[in-house]
Structure formats: structure tokens, C-alpha cells
Amino acid sequence: MRKLAFLLRPKWLVLAAVVLAFAFLCFSVLAPWQLGKNTSTSERNDLITRSVDVDPVPISDILTADGFPAEDEWRRVIAPGSYVADSDVLVRLRSIRDQPAYEVITPFVIDGGPTVLVNRGYVLPVEGTRAPEFEAAPAGEVTLNARVRQAEGTSREPVEDDGRLQVYNINPEQIGAAVGVDAIDGYLQLDDAQPGGLGLIELPQTDAGPYLSYGLQWLAFGIMAPLGLAYFARAEIRERRNSRAELADAMSGEPDADPEDDAGPDEEEEFTLPTRREKRARARAASRPTTPSDPRLADRYGKNR
């Protein structure tokens, strides 16, 4: 256990906490988020594909007291009835072919039935973001070919801009309260060339998208993060073991031989500057007074000649 004591140091504890928190987010939030989007996209694609292959049915066949069943979304229906005059609502912050747009919602009273919101299509803004003028819904009895859509949630309260009521989501309860009608849950989206129709809102593409691969990547990241921590901890243990082994070898081994003893006979001694002690010794020797015998010795060995 002493080998793992370094893991209790603050930097290792912080690193472990960050890694475990990241892995927890990967498994509990990020991966389920992407996999959930993949599931919902696949279900939507199945409903769209199924709706293309079947004939439209009378709206009364699928209409319930609570609105439209979720499994009937994108189903094509035939709805006879009449538009409610002067009750148009614009949906803000929409995008059509990467261009900002408004969608126009108008309540529609079904013959012998309740009131349902109808998405008549889109209009493009003018002069920046100002909503344009558009044709009013026709008066009198009409028959609509449309697709069933589920209601959206609410994000903000309706606003009044340029004399028109504008919302941010297609929510029948919110829009119905704003215009004074009791609309059922869900709405209808018009097909092409329908009475009161504006710009056609095309069906979304039925590709699965990258959500599955993104979800699998987050799962892989959640597995790799703890494994990476374990790898670095193992590398630290191995490095500490090698350092202790090298230290033990250095303390138990023979002392290194003197490099001067290993020098060959032909190698010249390396020149070094005299130390301060050597300089002082030489200075004392030079200043020492000569003895009476020094002249005789010098004369004997010919130094004065």
C-alpha cells in the first residue's frame, strides 16, 4: 500500500475527481442525450416514410378527445371546415432553406368537430426582420389536405410586433388563449396547393444523422478516461520503482576508480589553473629571505654565472 500512497496527494485526488466526474457525465448525460436523439429521429423517419405510402384519411378517423395520437404524427388527413377570420398568428425564429422566416398559424373549425390550429406555411421577412404582408385565409367552407403534427412546448410569452401577434412555439393552448379559441392538442400542416396555403414547408430529410455515432463516442470517452488515469498511475509507480532501484544500486556498488589512475602512460596531464591556496604558498615561498648559504649554492651550481 505504501507504493500507492502518492495517489492520496492533492494533485492526484483532483485529477481522479475530474476523470470520474467526466466519466459519470458521459454515461448519464452526454451519451443518453445523443442516443435519445437518434431514437427520436429514427421514430420520426419511420412515421414520415409510413405516411408517404398510405392514402389520406378523414380527420375524424384519428381525432380523439385529447387531440391526435403520437403514433399518427405526419399522417395525411382530409379536414373539411372553415378558417377563423382575423386570427392569424406568426411564429418567430423559423428557418427555411437556411433563411429566416415566419410561419403563419390560423385556427380552423372542423365541420361538426373542434377547432384545430393550421400551419398555413411560411413567409420571408422584409426590410431586415419585419414581418411581410400576406394573404388572409379564405372565408367559407373549404377542405384541407394536411399532415398531423404534435404540439410544441412553450419557451416565451407571445409578443405584439408590427400590429401582429407573434409566438415562439406552436402550442395550441398558448395560441388559443391569445386569440380566444379553444384549440385541441396538436395542429395540421398544409400540403401543397391547399386553400389558404402560403410557402410550402417541406418534409424533413429522413436520414438518421450522426447521433448514434456521437452517442457511441461519448460511451467510449467514458471508458477511456478511467483507463487513462490508471495508465498514468501505473507509469508513475513504474518510474518510482526504477528510481528506487537505481538509488539502491548506487549505494551498494563499488566506488568508481580514480580517473587519473586509469589514464594511460602516454596521456598528458590536463592543465588546470592554480588554486588560491597554491598561489598563496608560492607567494610565501618567493618572499622568504635567503640564507647565507644560498649565494654559495647558487655559485656552486652556476646560477650566477
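At 25% relative accessibility, Arg75 counts as partly exposed, where buried means under 20% relative accessible area, exposed over 50% and partly exposed in between (1.4 Å probe, protein chains only). The model is predicted, so local features need pLDDT of at least 70 and side-chain atom pairs count only at pLDDT 80 or more, while totals for chains, interfaces and linings use all residues. Residues are numbered from 1 along each chain as its sequence is written, and side-chain values use heavy atoms, with hydrogens and water left out.

**Salt bridges**

- The whole structure holds 11 salt bridges, each defined as a side-chain nitrogen of Lys or Arg within 4 Å of a carboxyl oxygen of Asp or Glu.
- Arg75 pairs with Asp72, their closest N and O atoms being 3.5 Å apart; Asp72 is buried, at 14% relative accessible area.
- Asp88 and Arg120 form a salt bridge at 3.3 Å, N to O.
- Asp88 lies in the loop between β2 (76-83) and β3, and Arg120 in strand β5 (residues 115-123), so this pair ties together parts that are 32 residues apart in sequence.
- Asp88 is partly exposed, with a relative accessible area of 22%, whereas Arg120 is buried at 2%.
- Arg94 and Glu103 form a salt bridge with closest N and O atoms 3.8 Å apart; Arg94 is buried at 17% relative accessible area, and Glu103 is buried at 7%.

**Largest pocket**

- The largest pocket has a volume of about 300 Å³; a pocket is an open set of points on a 1 Å grid over the protein atoms alone, where a 1.4 Å probe fits, with protein on both sides within 12 Å along at least five of seven lines.
- The volume is the space filled by probe spheres set on the points, and grid points are joined across faces, edges and corners.
- Its lining comprises 17 residues, of which Ser95, Ile96, Glu103, Ile201 and Glu202 lie nearest the centre; lining residues have an atom within 4 Å of a point.
- Strands β3 (89-96) and β9 (183-190) each supply at least two lining residues, and the largest share, three residues, comes from β3; strands are DSSP runs (E, at least two residues), and helices are runs of H or I of at least four, numbered from the N terminus.
- The lining has eight nonpolar, two polar and seven charged residues, with Ala, Val, Leu, Ile, Met, Phe, Trp, Tyr, Cys and Pro counted as nonpolar, Asp, Glu, Lys and Arg as charged, and the others, Gly among them, as polar.

**Nonpolar surface patch**

- Phe22, Phe221 and Met224 make a nonpolar surface patch of about 280 Å²; patch residues have over 30% relative accessible area and no salt bridge, and nonpolar side chains (Val, Leu, Ile, Met, Phe, Trp, Tyr) are joined within 5 Å, like charges within 9 Å.
- Accessible areas come from the Shrake-Rupley method with a 1.4 Å probe, and for residues only the protein chains shown count as cover.
- Phe22 is found in helix α1 (residues 10-53) and is partly exposed, with a relative accessible area of 33%.
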